[in-house]
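The sequence and structure are shown first.

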Amino acid sequence: MKKISKLFSSIGNYFKNFGVSLAKGDIWVKSSLVVMGAGYFARKQIINGIIMLLVEAAFIFMCIFYAAPNLAKFGTLGTVQFEQTFDPLTMTSTVNDYDNSFLILLNSIVALFIMLVFLFVYIQNIKSVYKLQQKKEEGIHINNFREDVRAMFNDRFHITLMTLPAIGVVLMNILPILVLIAVAFTNYDQAHMPPNSLFTWVGIRNFKNLFTNSVTVTFGYAFGKILVWTLIWAVLATFTTFLGGILLAKIINNKRTKLPKMWRTLFIIAIAVPQFVTLLLVRNFFADSGIVNTICSNVGITDFLKNIGLVSPNLTYIPFLTNPNWAKVMIVLINIWVGVPYQMLIATGVLMNIPEDQIECAKIDGANNFQIFWKITMPYIMFIQGPALITDFVKNINNFNVIYLLTQDVFVTSDQLLANSNAKEVDLLVTWLFRLTNEYYNYKMASVIGICVFIICAAFTLITFTRMIKGDREEVFQ
Amino acid sequence: MKKSKKLLATLLAATMCAGSLFGCGSGDDTTTEGASGENTSSESTGDDASTGGDATSTNPEAVQNLIASTTGTVTLTVWASEEDQTLTQQLIDLFEAQYPDITFDITLGAQSESTAKDTILVDVEAAADVFAFADDQINELVAAGALQPVSATYTYDVANENVAGSIEAATVNDTLYAYPMTADNGYFMFYDASVFTEEDVQSLESMIEAAQAANKKIAMDISDGWYIYAFFQGAGLELTLNDDGLTNTCTWNAAGGTDVAQAILDLCATGVLVDMGDEDMATAIAEGTVAACVNGTWRAADAEAAWGDNYAACKLPTFNAGGTDYQMSSYSGYKLVGVNPHSDYVGWSMLLAEYLTNYDSQVLRYEQRGLGPANIEAAESDAVQADPAIAALAEQAAYATPQRVGANFWTPAETLGQILASGNPDGTDLQTLLDTAVEGITAPVEE
Amino acid sequence: MKKTVNSVLRHVVLLILAVIWLIPIVWLVATSFSGYRGINIAHFFPQSWSFSNYSALFLEPDSVVQYVAWFKNTLIIAIFTCIISTLFTLMVAYTMSCMRFKGRKFIMSFSIILNMFPGVLSMIAVYFILKSLGLTNSHLGMIIVYSAGSGLGFLIAKGFMDTIPVSLREAARLEGASEAKIFWKVVLPLSKPIIVYTIISSFLIPWGDFVLAKLMLNSGISSDWTVAIGLYNMLDKSLINKYFSIFCAGGVIVSIPISILFVIMQKFYVEGVTGGSVKG
């Protein structure tokens, strides 16, 4: 609560300062409202003034030629349907000046974003011009342009450093996410695909559909089921690889183990092959008529599993990746195969730094290896690796590669209700969503699910990292 | 908060430059779209001619007009399947040679016909100008505006020189949308003649007996909507596409539906008819475990290699459901060539599409790739007639229907097949099973 | 006695585990030397051995196999991605670790959350943004896709820089060094492990991604592809039976440089990743 009120008061201050600047500013500050560079010209900061003028000009240009035409259609997302006429005599076709809903949406969001940034710059401009005025009145030295530039590599070096990465993030992360959020409130799907057709706003209807279990729309059912499996999977995948990595590191790093480097390298080779290669390979390895099945049936494992009821009697193979339960187990096992070497590497580093004295003390007190492991080693590792564990958990929620590469084109669901929503038992929310967009062009529902996934992940991350960042750990160790 | 915002300002300026780029970019797009890059002579906008639908007369004058009005390089992209690259390149070269006055820059890309729509629908504007695709995708492509209607032909009479089925497959709502290229994309039965007699292959039941005796299996991809359709359609139950071009009408759960489902269950329960994916079939044939397959020409080649002289093909057999013998139906399949209406050179694209599908090209395609022609004359040649796979397809054609299905069919049908092929492990009431499947198949696309 | 049993047992367990971990890799290598093009389901080791898959890969390019072109494309993309990503990551890491300014913590939490957002979700929007800029089907576009958001992945590098004693920076400042100079001359030289780690891990991204690449490089012209799309494409239903062993050969070839980098990185990975947290 305190945090929120702090946030609001800082926002309040921000605008208050703006008001104060404006009220107390002289004619130059006030004229900066219209001509952005004015305040700088008055304080002889000619180059700054020109830059601000150019920014203003560019913004006005952008508004007229880019923002206005797009934002004008933002409310409807376009009304002119694509039409084409072909003239068989000249063999040419003419296309009308049609609206492309997606481009309107995208461009409008970009335009709105630029406007927001401009507003921020605009307000800052007034404030800094006012500060210049104050400095002048108080007779403090005003930087010339060269000094300003130099400051960019000193006090304000962070701005210099952050500019390019920030532009990149805006372009590749923030704008796409904003578009995704907007699409969740439209009817953008296969029946409404630009450029040939238009789509439009539908309010929160898609969200309602997600949580209703009406007869035909089984999205709610599928969503619930997939969410549960996603969470189970994330927990299993995270903990199995984590514990596996620690155990493997313990075994390899044990003083009595010969050639620890060789062992480590052997395991690393397994992950050095790109993941998509190994996963596609393993998928064929365990295919219904794959090599493993041939061997198993030759050796008699298939019959044995049939006898104990793990494989249904009318199958001639073990459905490693085709039966929902088998597939889930296999996916977790294969993920162990993929993930443990990574965790082993990290655990190796952590174990090397474990405080020896504690272990020695415990040994003197007569603790056995097992007790030492659970009472000293594990708590230490958990302390160090706790945050990383949560990151892994979130990453596993979105572990697209493992699930997609192992089950795509291979796994056929036997749950009809899931099938009716184009979902499968082994799907994670991301893979389901990927198929919805990639194969069924159901962009609106994919966006809705995307938002849900994001909220889940953001919540987990926020809880851990605010704690991590808040505790002033980072400063202590510098 | 010092007066430090200059850099932010430059940042912003940069963002805005990028922004104005966006603006110009999209503006340009629409204008080139409008002018269609196809030069000036479009003042004679013959309205009546363009609405003429199937103006099938060949028109050499128009081609002359087009040549006259073309200046500069004609840049086109063509997509053909990986296997067809060499042949297509050869045809493109021949096409270019036909118009020596025009500078062409034709790029050939690889895109398998079966998945063409996956790439095209993501961004129609970025798709190739001329592309090959399997006829099952035509509805979705038409709905997405990815196909230029064949409103006029110039070098040969597309609608009358190709077999009627292929024209039907390329037609949506009475408009012809594509150029038939091959007529062999459907499925049929091919078998090892040392295991089955010609008598055996008349019905699935007798085939199963024969296979059982020889300890072999019969493979069919039952857990796939494309194949399981053969049973239900064969028994007279319907699956059709609605007028909206996206949703389905399905009567698989009507009277007799449970008999068909029970029949599939029983057939699979013998352990002889096995549910097997296409890729697995290739290996299973090579291994010798499978002696008969329901599949298409693409897999028949593997069988021919494995079985040699014993390789034989025929129409699909009958199957018994509820005491009645039904002839299995199938989807007839055609490969078509389409023209992208967003092409900058629609005219040239249409000419190229015609060229890729004319008589000579189809003959060449058969000779080099063994693909069954859709062209009537080409299909009647002795060589084609002697091909067992193509003969089998022709035989099956009487019971085949063109594929007209909305996207919601596939997953529910696949799951239905999976459940039946695995012996209905949950013991769900068959009627309920079918009801749920039909519910999914007929589900509306838009709430 | 008990100790030797223990030791033997330990090595036996390790051996079994190593075998399990290596079986698929052995199969990959074995199949890549197979004389048969499809998947061999009956025998673990091929019955006939040959180099034909490798020669197909390098000497007989067709529309499905353009390995040399793919390798070149991927290498170019990877090199530039690596340069940009490393710079971005280090720049942000330094800012977050060594500088203090208003809104820093907010930006940090915000970026961490943003970084959790899976790329596949917003792919289609990314595609159309790049298309508006005319950058689809180009190396530049791919480089932007892989590197533009890399600033968000600063956390590990920041953790490492946090361990560099603040006194070093203060000393430099007293000598009149500017912040930029401290970044270049003081902090970067001390961050070698994390720089190597960042370089290698960003270099590896283009080699493993096929989803984004497949969407962005949609011209259908196979010589424009990256290794990942090319190899993925070989397992398409219609191609797998002719190209599976070539796929394996391609997998082996692409793994060799990556394995070497990985073994090098291993050391820095351990130092870099755990460096920050361990000392903390």
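## A partly exposed helical residue

B:A391 lies in helix α18 (residues 388–396) of chain B. The model is a predicted one, and the description of this position rests on its computed coordinates. With 17 other C-beta atoms within 10 Å, B:A391 is classed as partly exposed, because that class falls between 12 or fewer such atoms for an exposed residue and 20 or more for a buried one. B:G372 is 19 residues from B:A391 in sequence, and their C-alpha atoms are 9.5 Å apart in space.

## Chain B: overall composition and confidence

Chain B contains 20 helices and 18 strands. Of its 447 residues, 57% count as buried. Among the contacts of chain B with a separation of 6 or more, 74% are between residues 24 or more positions apart.

The mean pLDDT of chain B is 84, and 86% of the residues in this chain reach 70 or more. Residues 1–56 of chain B are a stretch in which pLDDT stays under 50, although the model has 121 contacts beyond four places in sequence for them. Where pLDDT is low, predicted coordinates should not be read in detail.

## A covered strand and its partners

Strand β17 (residues 335–339) of chain B is mostly covered, with 5 of its 5 residues buried. In a regular strand, side chains alternate between the two faces of the sheet. For β17(B), one side carries B:K335, B:V337 and B:V339, the other carries B:L336 and B:G338, and all of these are buried.

Two antiparallel pairings involve this strand. Strand β3 (residues 130–134) of chain B is joined to β17(B) by 5 bridges, and the two run antiparallel; here B:F131 stands opposite B:G338. Strand β6 (residues 179–182) of chain B is joined to β17(B) by 3 bridges, again in antiparallel fashion, and B:P180 stands opposite B:L336.

## The largest nonpolar core

The largest nonpolar core has 361 residues, of which A:L106, B:F190, B:F231 and B:A292 touch the most other members. Helix α5 (residues 101–138) of chain A supplies the largest share of this core, 16 residues. Leaving aside neighbours within four places in sequence, B:F231 is in contact with B:V260, B:A263, B:I264, B:F319 and B:M328.

## Domains within chains A and B

Chain B is divided into domain 1 (55–184 + 334–386) and domain 2 (188–331 + 406–441). Taken over C-alpha atoms, the centres of these two domains of chain B are separated by 32 Å. Their contact takes 7 residues from domain 1 of chain B and 5 residues from domain 2 of chain B. On the domain 1 side, helix α6 (residues 138–143) of chain B gives the most, with 4 residues, and the residues of that side divide into 3 nonpolar, 2 polar and 2 charged.

Chain A is divided into domain 1 (16–203) and domain 2 (209–286 + 321–476). The centres of these two domains of chain A, over C-alpha atoms, are separated by 40 Å. In chain A, 10 residues of domain 1 are in contact with 9 residues of domain 2. The domain 1 side of this contact in chain A comprises 6 nonpolar, 3 polar and 1 charged residues.

## Contact between chains A and C

The contact between chains A and C takes 78 residues from chain A and 76 residues from chain C. Helix α7 (residues 157–183) of chain A provides the largest share of the chain A side, 16 residues. The residues of that side divide into 52 nonpolar, 22 polar and 4 charged.

## Backbone geometry in loops

The peptide bond from A:P194 to A:P195 is cis, with omega near 5 degrees. A:P195 is placed in the loop between α7 and α8 (205–211) of chain A.

Positive phi values also occur in residues other than glycine. A:L259 has phi near 50 degrees and is found in the loop between α9 (219–253) and α10 (260–272) of chain A. A:L259 is exposed, with 12 other C-beta atoms within 10 Å. B:D174 has phi near 65 degrees and lies in the loop between β4 (171–172) and β5 (175–176) of chain B. B:D174 is likewise exposed, with 7 other C-beta atoms within 10 Å.

Definitions and conventions
Residues are numbered from 1 along each chain as its sequence is written. Chains are lettered from A and ligands numbered from 1 in the order in which they are written. This is a predicted model: local features need pLDDT of at least 70, side-chain atom pairs count only at pLDDT 80 or more; totals for chains, interfaces and linings use all residues. Two residues are in contact if their C-beta atoms, placed from the backbone, lie within 7 Å. Ala, Val, Leu, Ile, Met, Phe, Trp, Tyr, Cys and Pro count as nonpolar, Asp, Glu, Lys and Arg as charged, and the others, Gly among them, as polar. Domain bounds come from an automatic or database domain assignment. A nonpolar core is a set of buried Ala, Val, Leu, Ile, Met, Phe, Trp, Tyr and Cys residues joined through C-beta atoms within 7 Å. pLDDT is the predictor's confidence in each residue, from 0 to 100. Two strands pair if DSSP finds at least two bridges between them.
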